[in-house]
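Hi everyone, thanks for coming.

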Amino acid sequence: MKLTREEVRQVATLARLRLTPDEEERLTGQLENILQYMEKLDQLDISGVKPFTHAVDVVNAFREDKVTNHPNAEALLANAPDKNHTFFRVPKIIE
Amino acid sequence: MNPAALTLHDAGEKLRKQELSSQELTLAAFQRISETDDKIHAYITLCRDVALEQAKQADERLKRGGNTPPLLGVPIAVKDNFLTRGMRTTCASNILGNFIPPYDATAIKRIRAAGAVITGKTNLDEFAMGSSTENSAFFPTSNPWDRARVPGGSSGGSAAAVAADQCIAALGTDTGGSIRQPAAFCGVVGLKPTYGRVSRYGIIAFASSMDQVGPLTKDVRDCALMLETIAGHDPADSTSADRPVPLYSEALTGDVKGLRLGVPKEYFITGIAPEVEQAVRDAIRLLEKNGAVVEEISLPHTEYAVAVYYIVATAEASSNLARYDGMRFGHRAGGKDLLETYMLSREEGFGPEVKRRIMLGTYALSAGYYDAYYLKAQRVRMLIKRDFDAAFQRCDAILTPTAPTTAFKIGEKIADPLQMYLSDIYTISVNLAGLPALSLPCGFDGDGMPIGLQIIGKHFDEATVLRLAHAYEQATEWHKKKPDI
């Protein structure tokens, strides 16, 4: 698997990560190396094998449709980088 | 002897007989921390004042008598990826920095209800991603047996704190070996329960289909007592199992007669240190001598486990870690617009290994690659699970080494991520298949470093795993050795 720096930059944008040129170069080599290792899986015939979903068979875990509010809104907001009264303040989205 | 060196069951007995108070025991643990933690660096945050207050309350409960659970008044260390209400929780990451959780993880709620005293929050690889605790954003932790070596990871702080008697027992999490490998490296007992046995609610998510909470302890009985306390159904975790929790400590009969043990040939391959292989084979012989029936088995897809794991785990991590956007909590950088704020916050907040895994996972899930990586990995994961299903038709438990080597040197593998990933080779299949597994000490190498024996059980059969481990422990002295710090 050959990986270009352009591809790495594109994945970084998808992941909302800004990489320095150094990081970009280092990661290109490292990811290529790891992806090459993953090619091991191509040795296997997996046609007809169902993909794994759960380790132990589970059924839907339903609960009562009841509204529960966290008792302490203040504590929830205490970690906000920026807030205004009971609201999180975020950077402007619309021009 | 410093009472902090006691096991949980011995300390509990002394507390209930009022030969020792929880306040004395807690002070002894903090004494030990102040004597040794400048060398070990097991803790990120210490909670001395709150702990002493909890100890005082525990002493009152002990004096009143009546219902006195095994953990009542006992100092417990907690890995810093469990949410602890009002107690800073960092996940060893700058992106969480000074995060103060508004609620407790379910496992924390349970140990608090049992009257445990929380000493503090222990170091880990950032977001539990690593095998050496070197990926902590703050500092590496040292192995109490040799300070130049890693304690393993990612629960390295919890394992080191138990080995160094800085607490009586600890909580960790295990996604690919993060309880068992550090337990092996530090010479303590570590158990990853069956997926679903312990609630994941309030654990900072890494790979949700594999993350599991478990204890790190000084012996097997302690491990059973800890599991009894934290296991059970929780409506807040839809994958937690709605099954009764047995009294695991009652399974410790000392009898292994007739138990059928499988030894997978694929686990004894090139790369395993000769002294590790020797110690594990000796342990298997001892169990056989005591009446267990041993047979060689095959888990043919073992060699694919590392590749499968690092696709599935990184894919899940890339999704789980999308929440760190700098908006509602955690680090926010100043950007010129929303997109730049996201990108800068994450650039500044995450360390190199976390970025590498987010990148790998995003790549594996991205358009055009999903089938080639993620879907393929989940199909091979099914083959790995079927290997175990077939093996457990014939065996009651499977015995392997926990890690191919003893603790490596700090800095030895950090530059080569793939080499680091390969050090998890014996532990990750267990997470992929959702099985319970325990590591316990089974010897020391020529450098005096501990070696771990791994016992893998059937789904929800922790009782057999603990019974075997306890029987082996009764016949050996390894767990009684202490590091000289």
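Chain B is divided into domain 1 (3–259 + 461–480) and domain 2 (303–377), with bounds that come from an automatic or database domain assignment. Keep in mind that this is a predicted model: local features need pLDDT of at least 70, side-chain atom pairs count only at pLDDT 80 or more, and totals for chains, interfaces and linings use all residues. On naming, residues are numbered from 1 along each chain as its sequence is written, while chains are lettered from A and ligands numbered from 1 in the order in which they are written.

Back to the domains. The C-alpha centres of domain 1 of chain B and domain 2 of chain B lie 29 Å apart. Their contact takes 21 residues from domain 1 of chain B and 17 residues from domain 2 of chain B; two residues are in contact if their C-beta atoms, placed from the backbone, lie within 7 Å. On the domain 1 side of chain B, that's 10 nonpolar, nine polar and two charged residues. Here Ala, Val, Leu, Ile, Met, Phe, Trp, Tyr, Cys and Pro count as nonpolar, Asp, Glu, Lys and Arg as charged, and the others, Gly among them, as polar.

Now the core. The largest nonpolar core has 174 residues, and Ile76(B), Ala170(B) and Leu466(B) are among those with the most contacts inside it. By a nonpolar core I mean a set of buried Ala, Val, Leu, Ile, Met, Phe, Trp, Tyr and Cys residues joined through C-beta atoms within 7 Å. The largest share of this core, 11 residues, comes from α9(B). Where does this core lie relative to domain 1 and domain 2 of chain B? Both domains give residues to this core, so it lies between them. Zooming in on Ala170(B), its contacts include Ile76(B), Val78(B) and Leu216(B), not counting residues up to four places away in sequence.

Next, helix α12 (residues 371–394) of chain B. Helices (H or I, at least four residues) and strands (E, at least two) are DSSP runs, numbered from the N terminus. α12(B) has 24 residues and reaches 34 Å from its first C-alpha to its last, close to the 34 Å expected at 1.5 Å a residue; that expected span is 1.5 Å times one less than the number of residues. Among its buried residues are Tyr373(B), Arg381(B) and Phe392(B). What covers the buried residues of α12(B) includes α2 (21–38) of chain A, along with α9, α11 and α14 of chain B.

That brings us to the two chains. Their contact takes 52 residues from chain B and 39 residues from chain A. α12(B) gives the largest share of the chain B side, 11 residues. By class, that side divides into 29 nonpolar, 12 polar and 11 charged.

Is Asp59(B) buried or exposed? Asp59(B), in helix α3 (residues 48–64) of chain B, is buried because 21 other C-beta atoms lie within 10 Å. The cut-offs: buried is 20 or more other C-beta atoms within 10 Å of a residue's own, exposed is 12 or fewer, and partly exposed is in between, with C-beta atoms placed from the backbone. Gly254(B) sits in the loop between α7 (220–230) and β7 (260–264) of chain B, and with 11 C-beta neighbours inside 10 Å, Gly254(B) counts as exposed. Gly254(B) touches His470(B), Ala471(B) and Gln474(B), not counting residues up to four places away in sequence.
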